[in-house]
Amino acid sequence: MDSGVSVIDAILSRYENLSASEKRIADFIAENRHEVSSLNAYEIAVKSGTSRATMSRFVRSLGFDNFAQLRVALAHDEQSVSPSNPAQTEISIDNVRESMDYILKAKVDELKSTAAMLDQSTLKKAISAIESADLTMFAAVGNTIPIAQNAAYKLWQAGYRSAAPASTDGSVQLSLQLTNHDCLVVLSSSGYSRRLIPVIDNANDAGASIITITSNPESDLASRADIVIETANRDRMLSDLSFSQNSLNFVIETLFLFLSHDSEDVKEKNLMFWKSAKSDVEPQERK
C-alpha cells in the first residue's frame with residue numbers, strides 16, 4: 001500500500017473490484033474501524049461472516065504480507081481518535097451536531113487522503129501534458145459533467161484552450177476530432193462510466209495524451225490512460241449513494257493553480273474576458 005494513504009481509503013478505492021465475500025470484510029472494517037485494530041484476523045472473519053482464507057486474500061489485495069501489518073496500519077490511522085471522546089460513526093437527525101462533525105471529518109479526511117495520493121511525478125506529467133496540448137478536452141457523464149465544464153472554464157482562465165461537451169454524445173463527437181497534439185482528461189470517481197470508453201478509445205487512436213482522474217485506479221478507464229490521478233472517496237462511509245465531487249474538484253483546482261502560475265498571459269486573457277463581457281467593474285475592483 002502507498003505510504004501516506006490510510007487503510008480505509010485503500011479499501012474504498014478497491015471496493016468495486018473485490019469479491020462479494022471480500023466486500024463483507026471491507027464493510028465490516030469501514031463500519032467498525034475504531035475497534036478493528038484490537039481484533040485478530042479470525043475474529044474479523046467470523047464477525048463479517050467470511051473465512052480465514054478470504055481474510056488472507058483481502059489482506060494481500062491491499063498490499064500487506066499479513067494481517068499483523070494491516071492492524072498496525074489501522075492503529076496508526078486511529079491515533080488521532082481520543083478513546084475518552086469516541087467519534088460519531090453514523091448520521092442521525094437525533095444528533096445533528098455530532099452528525100455534522102462526523103460528516104466534516106469524513107470530508108476533510110477525504111481531501112487529506114487525496115492530497116497524499118497526488119504523486120509529484122504524476123502531477124508534473126499531467127501539467128506538462130496540458131501545457132503542451134493545443135486543446136484539452138474534459139469528458140464526464142451524469143452529474144460529473146458540470147465538474148468537467150467548470151474545469152474547462154478554469155483552464156480558459158489560466159490561458160489554455162479547453163472544452164467540455166455537455167453530453168456523452170458531444171464528448172464522442174469531439175473525441176473524433178482530437179489529434180496527437182491534444183489532451184483528453186476523463187473525470188470518473190467510480191471508474192465505471194462505460195459510456196466514456198469510446199471517448200478514450202477515440203483519443204487513443206488519435207494519439208492524444210489521456211489523463212484519468214478517478215478513485216478506482218484499477219478500472220477500465222484508468223487502464224486506458226497514459227496518466228492516472230487517484231483520488232479518495234469516502235461516500236460509502238456516509239451513504240449508500242455515490243454523491244461526492246469534492247476530491248475531483250480538489251484535483252482540478254490544484255491543476256488550475258499550477259497551470260495558472262506557469263501561464264505567461266493569464267492576466268491579459270482575464271482582462272480581455274472582462275472587457276468582452278462588458279463588466280462595469282474590473283476584476284481587481286471586485287470584492
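How much space lies in the second largest pocket? The legends below start there, and please keep in mind that this is a predicted model.

**View 1. The second largest pocket and its lining.** The space in this pocket comes to about 320 Å³. It is lined by 17 residues, and those closest to the pocket centre are Leu12, Glu16, Asn233, Arg236 and Ser242. Sorted by class, the lining of the second largest pocket holds 8 polar, 5 charged and 4 nonpolar residues.

**View 2. Helices α2 and α5 packed against each other.** Here we look at α2, residues 20-31, beside α5, residues 52-61. Their axes lie 9 Å apart and meet at an angle of about 75°, so the two helices, α2 and α5, are roughly perpendicular to each other. The contact of α2 with α5 draws on 5 nonpolar, 2 polar and 2 charged residues.

**View 3. An open sheet of 5 strands.** Follow the strands across the sheet and you will read the order β2-β1-β3-β4-β5, with parallel pairing. The edges belong to β2 (162-163) and β5 (227-230), and each has a single partner strand, so one side of each is left without a neighbour in the sheet.

**View 4. Strand β1 alongside strand β3.** Strand β1 covers residues 136-139 and strand β3 covers residues 183-187. The two pair in the parallel sense over 4 bridges. For a handy landmark, find Ala139, which stands opposite Val186 in β3.

Definitions and conventions
Residues are numbered from 1 along each chain as its sequence is written. This is a predicted model: local features need pLDDT of at least 70, side-chain atom pairs count only at pLDDT 80 or more; totals for chains, interfaces and linings use all residues. Side-chain values use heavy atoms; hydrogens and water are left out. On a 1 Å grid over the protein atoms alone, a cavity is a set of points where a 1.4 Å probe fits but cannot get out, and a pocket is an open set with protein on both sides within 12 Å along at least five of seven lines; lining residues have an atom within 4 Å of a point. Grid points are joined across faces, edges and corners, and a volume is the space filled by probe spheres set on the points. Ala, Val, Leu, Ile, Met, Phe, Trp, Tyr, Cys and Pro count as nonpolar, Asp, Glu, Lys and Arg as charged, and the others, Gly among them, as polar. Axes are lines fitted to C-alpha atoms, for helices over the stretch in contact, and angles run from 0 to 180 degrees between N-to-C directions. Angles under 35 degrees count as roughly parallel, over 145 as roughly antiparallel, 65 to 115 as roughly perpendicular and the rest as oblique. Two strands pair if DSSP finds at least two bridges between them.
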